[in-house]
Every structure is written in structure tokens, then in C-alpha cells.
Amino acid sequence: MTKAQPKPQNEKNPEREWFGERHVSPEEKTGLVHDVFASVADSYDVMNDFMSAGVHRLWKDRLVRMIRPRSDQVFLDVAGGTGDIAFRIRAKAGPDTAITVCDINPEMLRVGRDRAINRGWMDDFDWVTGNAECLPIPDASVDVYTIAFGLRNVTHIDRALADAYRVLKPGGRFYCMEFSRVTEPMLRRIYDAYSYSVIPKIGEIVAKDRDSYQYLVESIRKFPPQRELETRMRAAGFDRARHTNLSFGIAAIHEGWKY
Ligand SMILES: C[S@@+](CC[C@H](N)C(=O)[O-])C[C@H]1O[C@@H](n2cnc3c(N)ncnc32)[C@H](O)[C@@H]1O
């Protein structure tokens, strides 16, 4: 992954998308993101613990506490990767809960399925390969839609929001957990220094893959901050769009309802 200088933004060429700091075509971005997660799939869970010192687990627990899952609800975890959110939903809601894990990358789903089998949860999930922008899921069929650390990797965020709205039942809820904008200026400077210098280094040492983790850091910078994402959720049709900051905005949970 070569790093090029960012060019002035998309108004001139709306067909271009960001891939980290690079300006690429939408097709290229989808392919490059696919390659990143195919490459990190086997080290993904270990790396999450290393990079966040385990804090991502607390954030994910918080998300699932907010959802308060019940076994009579239908869950869809998009960009579900290796199953972290789906497993927590399963643990809270119990067996016989309808949980689908959808991800564009079969390698990530393979790791997730193996982890589920290791827990003795052989048939507790539907593992589906699909793109968040055009989900292979019927209209109005889902009670709770989750997407954790996935939306920033999607090529067209607004299409993914619109498709989330489509698959939700009336009364259904949307939850997005994503890296966001640190609210404290001093902490932001420390966090920027940590993420730009330390995370790619950890990627190089632990996962032997500096470039993928460089992409991760750069993609966080490009993701819309809290209020902007709320505005885009409203534009997709969601009511009561709001967010909850985690760790001073390092991450945030966005929530919306379909009425
Ligand atoms: C950072 S991982 C998050 C995995 C999991 N949700 C978690 O919290 O641990 C991002 C996931 O998004 C998936 N992804 C990227 N673009 C996608 C898209 N357009 N549609 C569905 N999944 C996508 C990747 O394959 C990857 O598994």
C-alpha cells in the first residue's frame, strides 16, 4: 500500500473515494478494504486486544447493554467479522435467538465461525457474505441492526445507512459503534500521536502487516464526526438519532429508530 498525498476533495470528482489517505475509485476502495481484512483475519482478535489494551471489549459490552437483547428479537450484525458483537448478543439473549452475521469478507466470517464452534455454538448463527450497501436480507425483517467498527470501511456510507433502514422493521433500532472524534483537545493530541506512530508499529510486529494498520489509522481520521453522522442518519430516515461517546469520543455509539 503506497501512501500518496491527498488531493483536494470530492466535489471535483464525486466518483473518487478515500482509502486511508489515498484517493481511489469506489471499486478500488471496496477491493482494497477486502484485501486488508483478508490479510488481517487470523490476527484480527489478538491485534484488537493489543491496540486497545482490551478496551474494545468494554465498549462492545456497553453496546450490548444498551441494546438489551431479547430472544424474541431478530438481530443482524453487519460487518460482523469474527463475531464479537453477535457472541455478546447470544450470551445475553440466550439460545434460539435469530442472529445473522453478515460481512463482505469470507475470511473474517471463517474465523468467526471457528470461534463459535470452539464455544459450542455450532448452529446458533447464520453467517452470510454480503455488502452493507446492498444486504442480502429482506425488507423490514430485522428488529436490531448493529454495525461495529464497520461503517468507516464501507465505500458509500449513505447507501449502507439507507439499506440498514430498509431491512429494519417499523420500530426497529439501528446501532453503529465506530471510532469517532476525541472531544478533549489535549487527549486528542496524545491519541493522534499514539495512533499514527504506535498502531502501525504494533501491526508490523504482531501481525507482520504494517500497511493494513496504517490504513486503519487513516480511515479513522476520514470517518464523519459524531454530529455529522447523526445528520446523515436522519437523512437516511432514522428518528431520534443520537450518540454516546466512549472514552472521551475515541469511539461513539450512534443509535436511531425506524418508525
Ligand atoms: C474492523 S472489522 C470489525 C469486525 C467486528 N464488527 C468487530 O467489531 O470486531 C471491519 C469489518 O467490516 C467488514 N467490511 C468492510 N466493508 C464492508 C462492507 N461494505 N460490507 C460488509 N462488511 C464490510 C470487513 O470485512 C471487516 O470484517
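Cys134 is exposed, with a relative accessible area of 53%, whereas Cys102, at 0% relative accessibility, counts as buried. Here, buried means under 20% relative accessible area, exposed over 50% and partly exposed in between, with a 1.4 Å probe and protein chains only. The structure is a predicted model, in which local features need pLDDT of at least 70 and side-chain atom pairs count only at pLDDT 80 or more, while totals for chains, interfaces and linings use all residues. Residues are numbered from 1 along each chain as its sequence is written, and side-chain values use heavy atoms, leaving out hydrogens and water.

A search of the whole structure for disulfides (pairs of cysteine sulfur atoms within 2.5 Å) finds zero. Cys102 is accordingly in no disulfide, the nearest cysteine sulfur being that of Cys134, 9.2 Å away. Seen from Cys134, the closest cysteine sulfur is in Cys102, and 9.2 Å is too far for a bond.

Turning to secondary structure, helices (H or I, at least four residues) and strands (E, at least two) are DSSP runs numbered from the N terminus. Helix H8 covers residues 210-222, 13 residues in total. From first C-alpha to last, H8 reaches 19 Å, close to the expected 18 Å, a span defined as 1.5 Å times one less than the number of residues. Among the buried residues of H8 are Tyr213, Tyr215, Leu216, Val217 and Ile220, along with Glu218.

Strands E8 (residues 239-246) and E9 (residues 251-257) run antiparallel and are joined by six bridges; pairing requires at least two bridges found by DSSP. Thr244 stands opposite Ile253 in E9. Four residues lie between the strands of this hairpin, where Ser247 takes a positive phi near 50°.
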